[in-house]
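Morning, everyone. I'll take the sheet to begin with, then the helix across it, then the cavity.

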Amino acid sequence: MTPVISGAADTAVGRLDGSGCMALHAEAASAALADAGLRADEVDGVLCAYSLAEPHLMLSSVFNEYFGIAPSYSAAVQAGGATACALVMQAAALVRAGICRNVLAVCADNRLTGLGRSGAVAALAEVGHPQFERPYGMSIPAAYALVARRCMHERGVAPEHLAAISVTQRGHARRHPKAQARDPLTMEQALSARMIADPLRLFDCCLVSDGGAALVISAADAAADHTDRAVSILGYGQMNTHEHAFAMPSLTDFGCRQSAAQAFAMAGLTPADIDVAEIYDSFTITLLAELESIGFFPKGEAGPAILDGALELNGVLPCNTHGGLLSYGHSGAAGGMFHIVEAVRQLRGEAEARQVAGAETAFVHGDGGILSAHCSLILGRA
C-alpha cells in the first residue's frame, strides 16, 4: 500500500506553563487525527519518541494508556534529532507491509518548564562518552564547535555565513505566528552575541522549548476522503556512522550524504528537483555542513550562497521556512517533527505568509547526536 501523510499538527511552542509531557502528546495527537478526519479507534499503529522531562522505558505504552487507545502495533524510537524522520520512515514501512493502515507518530516534551535551560543542558551533557569525553568537559555545543572550526579550516566557512543562517531563519520565524523567537535579529546582533563554544555564539544555538507535534501516516486508500490534503511519502533513507565525537569518521562530511542519496534514489529525484527544504539545525553549522554533505551546494559554497539569500522564500532553496530549531522552537524529538509538519503545510499550500510559491516537493532531514544518526525524507504533493 502506498503511504501518505494524512494528518499533521503541532501544539503551541515555547514556555507552556502547566503543560506536561503526556498532555502535549495528547494535544498534538488529537489535532493530527482531526486533521486526518480519523477517530482514535481507527489508529492501529502508534510510534512515539522519548522524553527527557518525563522519561520512561515504554513511552509509547504510557501514551496509549493516557490517550485511551490499544493499537495492534506500538513502539518507541530513540535516535535523537533523527527520531521524527525515523518515525515516518518506520510508519511508511508498516503501511507498505500491510501491517497497519493508520499509524499515529507523536513527539512531545516539556523541556523548558520541566527541566529548565540548565537542566536541559545538563541532560545533554550526558551524551558524551563516559570515559573519553565527559571527564574532560565535552558538551554538545563544544562538539559542534569542533565541527565549525574544521569547516572554517577546510571549507572557508566564516562567522558571517553562520550569522546569515540565524538571521534568515529568524526572518522566517517572524512570519509564523506560533514561533517562539520572533524579535528582529540583525547580522550585527548575531555576530556580537555572547560566545557559547568558540566559534558558536548565542544565536548559532537552538532554543529550549516545550511543545509537541504529531503526524498520521496512512495507506492511500485509507485517506481517500482527504486526498486533496494528503502528502505522498516519495522516498526515505537512514545512515548511522558513529555515536561519540571522538569516533567521528569526518568533521566535514556526514551520514546525511548516504541517507539523502537513498531517499533521492527511491523518489527518482535529485537535489535540483526540491522546492523547499526543512533540515535539522541544532546549530547553524549543522545546517551549513549538511547542505553541502547532502549535495544542495558544492563544498565551500553553501556559506556564500546563504549570504546571497539562497535560503530565503524566493531563494534557490527556501529552507526551514518556519524558523527551524534556531527560532521556531526545539522540544526534543518534537523539534524534528516541527520540520515535517512545516513541509506538509508547504506542500498543501497552507503556510500563509511564509508559503513558497508552487511548492510540490519537499526534502526533510533529521540528525541525532553529534551528526551521528541521520534520516532523510522526500515528500510530494499527492
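Start with the sheet. It is open and has nine strands, in the order S3-S2-S4-S7-S1-S8-S11-S10-S9. The pairing is mixed. Keep in mind that this is a predicted model.

Which strands sit at the edges? Strand S3, residues 73–76, and strand S9, residues 276–279. Each of these two pairs on one side only.

Let me pick one pair. Strand S1 covers residues 3–10, and strand S7 covers 210–219. The two run antiparallel, joined by seven bridges.

Next, the helix. Helix H3 spans residues 83–96 and lies across S1, S2, S3, S4, S7, S8, S10 and S11. Against S8, residues 231–240, helix H3 runs at about 120 degrees.

How many cavities of 30 Å³ or more does a search of the whole structure find? One. The largest cavity holds about 70 Å³ of space. Its lining has 13 residues, and the closest to the centre are Val127, Gly128, Glu133, Met138 and Ile370.

What is the lining made of, by class? Eight residues are nonpolar, three are polar and two are charged. Two helices contribute here: H5, residues 116–125, and H6, residues 140–155. Each supplies at least two residues of that lining.

That's my tour. Over to you.

Terms used. Residues are numbered from 1 along each chain as its sequence is written. This is a predicted model: local features need pLDDT of at least 70, side-chain atom pairs count only at pLDDT 80 or more; totals for chains, interfaces and linings use all residues. Side-chain values use heavy atoms; hydrogens and water are left out. On a 1 Å grid over the protein atoms alone, a cavity is a set of points where a 1.4 Å probe fits but cannot get out, and a pocket is an open set with protein on both sides within 12 Å along at least five of seven lines; lining residues have an atom within 4 Å of a point. Grid points are joined across faces, edges and corners, and a volume is the space filled by probe spheres set on the points. Helices (H or I, at least four residues) and strands (E, at least two) are DSSP runs, numbered from the N terminus. Ala, Val, Leu, Ile, Met, Phe, Trp, Tyr, Cys and Pro count as nonpolar, Asp, Glu, Lys and Arg as charged, and the others, Gly among them, as polar. Two strands pair if DSSP finds at least two bridges between them. Contact means heavy atoms within 4.5 Å. Axes are lines fitted to C-alpha atoms, for helices over the stretch in contact, and angles run from 0 to 180 degrees between N-to-C directions.
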